[in-house]
Amino acid sequence: MNTVMTKEELEKILDQALRDVTEQTAGVRLHQGKQPPGEDFCTVNITFDKGFGTSLTLCADTSLLARMARNSFHEDTVTAQDVEEFSKEYLNVLCGKVTGAVYRATRIPAHFGQPVFYHGSYRPEGQEVQFILTYSNEHNEGAQLIHHVPCSHETEDAPDEA
């Protein structure tokens with residue numbers, strides 16, 4: 001996605017998709033801000049393996065993901081497993097909306113793999129951050145949507161091991 005449209009165009013698509021999907025699936029309104037997730041957070045990563053060599057990573061306060069899961073499941077309490085399952089499905093839905101919008105803009109079809117969930121942080125190997133969108137809700141819970149692109153400084157002249 002980093003070569004077929006401008007960074008600003010992609011940021012706008014990701015921002016709109018995240019806000020729409022979050023409100024529609026979880027009943028939570030997020031607004032852009034400066035508050036990153038706190039110390040207790042989870043990360044969900046998904047890689048675009050056809051069409052683009054990029055990935056999206058969502059880092060969010062565990063309390064925010066639990067709130068979103070409770071709202072989505074219409075439950076008063078949720079388990080850690082519920083939060084994980086919700087988070088992965090949420091990122092799937094978000095990426096579906098993003099790939100649709102990117103396809104309409106570029107006519108390049110994309111395919112993404114299975115989302116992977118982590119407690120704490122995760123950074124995809126061989127990729128670097130292109131940009132980060134930071135959000136919070138009315139409870140001061142934070143989230144970041146990070147767009148990763150292939151590293152531009154990989155060494156091509158390294159000798160192969162025999």
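Author: Let's start with a cut-off: a residue is buried under 20% relative accessible area, exposed over 50%, and partly exposed in between. Keep in mind that this is a predicted model.

Reader: Okay, so why is Tyr 118 called partly exposed?

Author: Tyr 118 has a relative accessibility of 23%.

Reader: What makes the rings of Tyr 118 and Tyr 122 a stacked pair?

Author: Two numbers settle that. In general, a pair of aromatic rings is described by the distance of the centres and the angle of the planes. Rings pair if their centres lie within 6.5 Å, and planes under 30 degrees apart count as stacked. The centres of Tyr 118 and Tyr 122 are 4.1 Å apart with the planes at 5°, so this pair is stacked.

Reader: How many aromatic pairs are there in total?

Author: The count is four aromatic pairs. Another one joins Phe 73 and Phe 86.

Reader: Why is the pair of Phe 73 and Phe 86 called edge-to-face?

Author: Their ring centres are 6.1 Å apart and the planes stand at 90°. Planes over 60 degrees apart count as edge-to-face, so that is the name for this pair. Phe 73 sits in helix H2 and Phe 86 in helix H3, residues 80-106, so the pair ties together parts that are 13 residues apart in sequence. Phe 73 is partly exposed at 34% relative accessibility, while Phe 86 is buried at 5%. Together with Tyr 90, Phe 73 and Phe 86 form one aromatic cluster.

Reader: How do you know that H2 and H3 are roughly perpendicular?

Author: Their axes come within 9 Å and cross at roughly 85°. Angles of 65 to 115 degrees count as roughly perpendicular, and therefore H2 and H3 get that label. In their contact, residues of H2 including Leu 65, Met 68 and Phe 73 meet residues of H3, among them Val 83, Phe 86 and Tyr 90. By class, this contact has eight nonpolar, two polar and one charged residues.

Reader: And what makes H1 oblique to H2?

Author: The axes of H1 (residues 7-26) and H2 (residues 62-73) come within 8 Å and cross at roughly 50°. Roughly parallel needs an angle under 35 degrees and roughly perpendicular starts at 65, so H1 is oblique to H2. Here Thr 22, Thr 25 and Ala 26 of H1 meet Met 68, Asn 71 and Ser 72 of H2. These contact residues divide into two nonpolar, four polar and no charged.

Reader: How do you know that Cys 59 and Cys 42 are too far apart for a bond?

Author: A disulfide needs two cysteine sulfur atoms within 2.5 Å. The closest cysteine sulfur to that of Cys 59 is in Cys 42, 9.6 Å away, so this is too far for a bond. For Cys 151 the closest is Cys 59, at 17 Å, again too far. The count of disulfides comes to zero. Cys 59 is buried at 8% relative accessibility, and Cys 151 is buried at 18%.

Reader: What makes the phi of His 74 worth a look?

Author: His 74 has a positive phi of about 55° although it is not a glycine. Most residues other than glycine have a negative phi. His 74 lies in the loop between H2 and H3.

Reader: Why is His 74 called exposed?

Author: Its relative accessible area is 71%. Exposed means over 50%, so His 74 is exposed.

How values were computed: Residues are numbered from 1 along each chain as its sequence is written. This is a predicted model: local features need pLDDT of at least 70, side-chain atom pairs count only at pLDDT 80 or more; totals for chains, interfaces and linings use all residues. Side-chain values use heavy atoms; hydrogens and water are left out. Axes are lines fitted to C-alpha atoms, for helices over the stretch in contact, and angles run from 0 to 180 degrees between N-to-C directions. Helices (H or I, at least four residues) and strands (E, at least two) are DSSP runs, numbered from the N terminus. Angles under 35 degrees count as roughly parallel, over 145 as roughly antiparallel, 65 to 115 as roughly perpendicular and the rest as oblique. Contact means heavy atoms within 4.5 Å. Ala, Val, Leu, Ile, Met, Phe, Trp, Tyr, Cys and Pro count as nonpolar, Asp, Glu, Lys and Arg as charged, and the others, Gly among them, as polar. Buried means under 20% relative accessible area, exposed over 50%, partly exposed in between (1.4 Å probe, protein chains only). Rings of Phe, Tyr and Trp (its six-membered ring) pair if their centres lie within 6.5 Å; planes under 30 degrees apart count as stacked, over 60 as edge-to-face and the rest as tilted.
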